[in-house]
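Trainee: I would like to go through this structure with you. May I ask about its contacts, its domains and a few individual residues?

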Amino acid sequence: MRLVFAGTPAAAVPTLRLLAAQHEIVAVVTRPDAPLGRKRILTPSPVAQEANALGLPVIKAARLDDEATARVAALRPELGVIVAYGGLVREPLLSTPVHGWINLHFSLLPAWRGAAPVQRALIAGDAELGATVFQLVPELDAGDVHAERVFAVPDDATADVVLASLAVDGAGLTAEAVAAIADGSARPRAQHGEVTHAAKLGLADGLLSWHEPADAVFARYRGVTSEPGAHTTIDGAPLKVRELARAQDADPLPPGELRGVKGGVLVGTGSDPLLLVQVQPAGKAAMAAADWFRGLRVPDGETVRLGDDERGEAR
């Protein structure tokens with residue numbers, strides 16, 4: 001089958017790679033090169049890099065406008081496949097391929113329609129995560145379902161780890177849907193269930209509130225790692241939380257209060273303490289939380305809290 005593929009991040013690469021081995025990819029549409037790193041060097045997207053490695057033609061477009069539509073139409077694709085491209089497919093491009101477009105989405109639709117499904121599902125503490133391949137329609141993530149699958153997720157896995165796993169498993173799911181469309185056996189069904197929305201995350205979403213219960217704090221950490229990143233403050237200065245873990249058999253601490261232990265630093269929450277494993281102070285490299293805590297040189301008889309601008313007397 002003649003396919004046009006649209007995608008941008010690393011999560012889209014496994015699907016592109018698998019489909020390229022099974023079908024004719026007439027073009028790969030991806031976002032333009034973006035400045036990365038401290039030197040802000042213009043860098044092709046992961047999908048563009050993979051397409052180049054596979055010898056596939058690439059169309060770089062910030063949005064799928066009339067020009068992009070004309071270029072795709074000239075290639076006469078039979079089906080469009082989109083995975084996290086980062087823009088909307090509207091008419092007339094939506095109807096340009098013979099079979100329209102299908103989308104791999106990293107949630108069990110209609111749950112978590114939108115830009116950050118895995119992140120929002122983890123923050124909400126969802127017990128089930130999964131992937132759905134659906135027919136693209138003008139309404140956001142609302143088309144009929146071709147295939148879906150529930151995936152088991154370790155209860156400490158962060159969003160980047162979950163996305164990497166779903167990207168691989170979702171590639172196979174997408175390939176199954178494409179094969180069914182190609183041989184005429186596809187029987188998509190309407191979505192059913194409660195609709196929830198997954199808005200794009202901003203920096204503020206990564207702020208940890210230590211007054212919340214440990215489960216809620218840990219769920220937010222999982223959902224925002226590694227982007228936009230979990231963070232807090234100490235004495236008014238920002239502190240990135242690079243690695244957080246559940247603590248075992250730890251005595252309670254007031255919310256935000258720190259206590260050094262073997263293997264890290266305990267931090268109090270609204271319920272049980274959590275364990276800081278790795279942090280990154282402002283202007284410094286990431287470091288072991290235990291090393292960072294020793295560097296604070298907290299005077300005897302005092303305590304220090306995160307998310308709090310003052311020190312207090314030890315209890």
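Trainee: What share of the contacts with a separation of 6 or more comes from residues 24 or more positions apart?
Mentor: Residues 24 or more positions apart account for 61% of those contacts in the protein. Please keep in mind that this is a predicted model.

Trainee: How many helices and strands are there in the protein?
Mentor: The protein has seven helices and 19 strands. Its C-alpha trace spans about 75 × 45 × 30 Å along the principal axes.

Trainee: And what percentage of the residues count as buried?
Mentor: The figure is 45% of the 315 residues.

Trainee: Let us turn to the domains. Where are they in the protein?
Mentor: Domain 1 covers 2–198 and domain 2 covers 203–295. Their C-alpha centres lie 34 Å apart. Twelve residues from domain 1 and ten residues from domain 2 take part in the contact.

Trainee: What area is buried between domain 1 and domain 2?
Mentor: About 880 Å² is buried between them, and carbon and sulfur atoms give 50% of that area. On the side of domain 1, the residues that lose the most area are Leu122, Ile123 and Thr158, which together make up 48% of what that side buries.

Trainee: How many salt bridges and polar contacts are counted between the two domains?
Mentor: The count is one salt bridge, and seven residue pairs are in polar contact. The salt bridge is formed by the side chains of Arg120 and Asp205, at 3.6 Å from N to O.

Trainee: Which helices supply at least two residues each to the side of domain 1 that touches domain 2?
Mentor: They are α4 (117–123) and α5 (159–183). The largest share, four residues, comes from α4. By type, that side of domain 1 has six nonpolar, two polar and four charged residues.

Trainee: Staying with α4, is Gln119 buried or exposed?
Mentor: Gln119, which is found in helix α4, counts as buried because its relative accessibility is 15%, below the 20% limit. Beyond residues up to four places away in sequence, Gln119 touches Ala159, Leu163, Leu201 and Gly223.

Trainee: Another topic: which residue pairs with Glu50 in a salt bridge?
Mentor: Arg17 does, with the closest N and O atoms 3.1 Å apart. Glu50 is buried at a relative accessible area of 14%, while Arg17 is partly exposed at 43%.

Trainee: What does helix α1 pack against through its buried residues?
Mentor: The buried residues of α1 are Val13, Pro14, Thr15, Leu16 and Leu19. They pack against β1 (2–7), β2 (24–30), α2 (46–54), β6 (79–83), β7 (101–105) and α5.

Trainee: How many salt bridges are found in the whole structure?
Mentor: The search finds ten. One of the pairs is Glu148 with Arg189, where the closest N and O atoms are 2.8 Å apart. Glu148 is in strand β10 (residues 145–151) and Arg189 is in the loop between α5 and β11 (197–198), 41 residues apart.

Trainee: Where do Arg294 and Asp291 lie?
Mentor: Both are in helix α7 (residues 289–296), three residues apart, about one turn of the helix. Arg294 counts as exposed at 56% relative accessibility, and Asp291 as partly exposed at 42%.

Trainee: One more residue, Arg113: buried or exposed?
Mentor: Arg113 is buried, as its relative accessible area is 10%. Arg113 is found in strand β8 (residues 113–114). A polar contact of 2.9 Å joins its side chain to that of Gln191. Among the other residues that Arg113 touches are His105, Glu139 and Val195.

Trainee: Finally, which residues does Ile59 touch beyond those up to four places away in sequence?
Mentor: Ile59, in strand β5 (residues 58–60), touches Ala27, Val28, Val29, Thr30, Arg71 and Val72. Ile59 is buried, with a relative accessible area of 5%.

Conventions. Residues are numbered from 1 along each chain as its sequence is written. This is a predicted model: local features need pLDDT of at least 70, side-chain atom pairs count only at pLDDT 80 or more; totals for chains, interfaces and linings use all residues. Side-chain values use heavy atoms; hydrogens and water are left out. Domain bounds come from an automatic or database domain assignment. Contact means heavy atoms within 4.5 Å. Buried area is the accessible area (1.4 Å probe) that two parts lose on being put together, summed over both. A salt bridge is a side-chain nitrogen of Lys or Arg within 4 Å of a carboxyl oxygen of Asp or Glu. A polar contact is a pair of N or O atoms within 3.5 Å; within protein, one must be able to donate a hydrogen and the other to accept it, and residues adjacent in sequence count only if both atoms are side-chain atoms. Ala, Val, Leu, Ile, Met, Phe, Trp, Tyr, Cys and Pro count as nonpolar, Asp, Glu, Lys and Arg as charged, and the others, Gly among them, as polar. Buried means under 20% relative accessible area, exposed over 50%, partly exposed in between (1.4 Å probe, protein chains only).
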